[in-house]
Amino acid sequence: MVATRSFPAFGGLAVLAVADGRALTAAEEAVRGVVEEFDRACSRFRCDSELMAVNHGAGVPVSVGPTLLDATEAALAAASATNGVVDPTVGGALLSLGYDRDFEDVKARRPERPLPPIHARAIPGYRSVVLDRAAATVRLPPGASLDLGATAKALAADRAATRAHALSGAGVLVSLSGDIATAGPAPERGWVVRVADDHRAGPDAPGQTILISDGALASSSTTTRRWMAPGAEAHHLIDPSCGEPADGPWRTVSVAAASCLAANVASTAMIVGGHDRLAWLRNLGLPARLVDHGGEALHLNGWPEAGDDLSPGSGEAPAAGTPEAA
Amino acid sequence: MNPRPSDSPPDGVAQRDEVMARLGRARRGLIFAVAGLTAGFSGLVAAIAPGKSSTPQRSTAARGVRTAGPVAAALPALYSAQSLGLHAPAPKPRAASSSGPDASASSAAAGAAARDPAAAAPAGPPAPPPAPAVTSGGS
């Protein structure tokens, strides 16, 4: 009998589901441990986080623990695998656009008068990052800032699922703000997952209900984390080629892959890279659901079409937070 | 006493000028000598200890440092494209709305109905999708 538990994590909602309800407590302890570990290592806003120290290193190697070492290496690998489309050195651009604190505080901030536009800083590029695994240090060029949002949460989901399964012995599904990883045997018919623009969306929000039995699933969306930046509305998925919020054809992309890290790398790459990345995604064979700004879903590489509220001809539905929904 | 030419400097100044010129020549000679010695020494070191480079990328790679430049191709197996998990899960996701308790059984029933319509069970409304355990979406 599937049992679930949810709690706040990483500015969103963490959900744990176990195939055997008796394993819930042990699995939850494992997941909470991983969440705390990654928050302490990779938070861009905790003053005591290791990433905060790295981002203030001013060109000097900074000693870090194994979690941030792994997270940084994963981010660099993602950048390499996507030819720089998913780049962790976009932290400076986010700061310039006003995303310099927890997102709830960013949303709540009301400028007293319109602020002049600020041109996002040039992205130094992932090749400027020096990671020394032997010395356990990370060095950034002066003024550079890492944001691990495209990879760290997904990596944490993978680790949390693996650890929860190892500790509890049960099949588990872990979702960290919509980035989903599984480990161990799934329930007989699979894990039931709703795919939508927002991981906090209710069951009536436009989307699709699917079944997964193995692997992972991640979604990236331009509709959820939006705020008034100086000069224009911004969202958090930055195009490294210009330092501005990505302006591609997709509002939400969901990808299934063997790991949550890979799924999130691919979903982010599709938001940023747009149509230019379609051939790359097709070659990888990753099942994907891509929703354009008109609310129409495209299904690739075997992603099921049945039951999708946004399939062509099913009736368009604007996403919450977009101009069409106003 | 011979008159001193009007354009000749006094003897003390001339002496000083001569000394300064000699010093200048000596300094230039010293600079060239040092440069030559340095080049020779570098060649000797390169011959004795090949592979040691002063370029940052190669030296950091020799120490096990990972830079994401040309050395990015040599990322450890832990995070190669394959180990990142950049391949489809098995099995792939499937729709919940068309899946009864056993999707394959539903397919078999549909096939049997096509072969013998008289034996087909009356079609009913599709089963509603089960309640999801979780939602994947943006954050």
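**Figure 1. A nonpolar surface patch on chain B of the predicted model**. B:V19, B:M20 and B:L23 together form a nonpolar patch on the surface, with about 300 Å² of accessible area. B:V19 belongs to helix α1 of chain B, which comprises residues 11-48. The relative accessibility of B:V19 is 44%, and the residue therefore counts as partly exposed. As a general point, an α-helix has 3.6 residues a turn, so residues three or four places apart point the same way.

**Figure 2. Helix α7 of chain A**. This helix covers residues 260-273, 14 residues in total. From its first C-alpha to its last, α7(A) reaches 19 Å, close to the 20 Å expected at 1.5 Å a residue. Of its 14 residues, 13 are buried, so α7(A) is largely enclosed by the rest of the structure. A:G274 follows α7(A) and has a positive phi, near 65 degrees.

**Figure 3. An open sheet with strands from chains A and B**. The sheet has four strands, in the order β2(B)-β9(A)-β8(A)-β3(B), and its pairing is mixed. At the edges stand two strands of chain B, β2 (94-95) and β3 (134-138). Each of these has a single partner strand, so one side of each is left without a neighbour in the sheet.

**Figure 4. The pairing of β8(A) with β3(B)**.

Notes: Residues are numbered from 1 along each chain as its sequence is written. Chains are lettered from A and ligands numbered from 1 in the order in which they are written. This is a predicted model: local features need pLDDT of at least 70, side-chain atom pairs count only at pLDDT 80 or more; totals for chains, interfaces and linings use all residues. Side-chain values use heavy atoms; hydrogens and water are left out. Patches are made of residues with over 30% relative accessible area and no salt bridge: like charges are joined within 9 Å, nonpolar side chains (Val, Leu, Ile, Met, Phe, Trp, Tyr) within 5 Å. Accessible areas come from the Shrake-Rupley method with a 1.4 Å probe; for residues, only the protein chains shown count as cover. A salt bridge is a side-chain nitrogen of Lys or Arg within 4 Å of a carboxyl oxygen of Asp or Glu. Buried means under 20% relative accessible area, exposed over 50%, partly exposed in between (1.4 Å probe, protein chains only). The expected span of a helix is 1.5 Å times one less than its number of residues. Two strands pair if DSSP finds at least two bridges between them.
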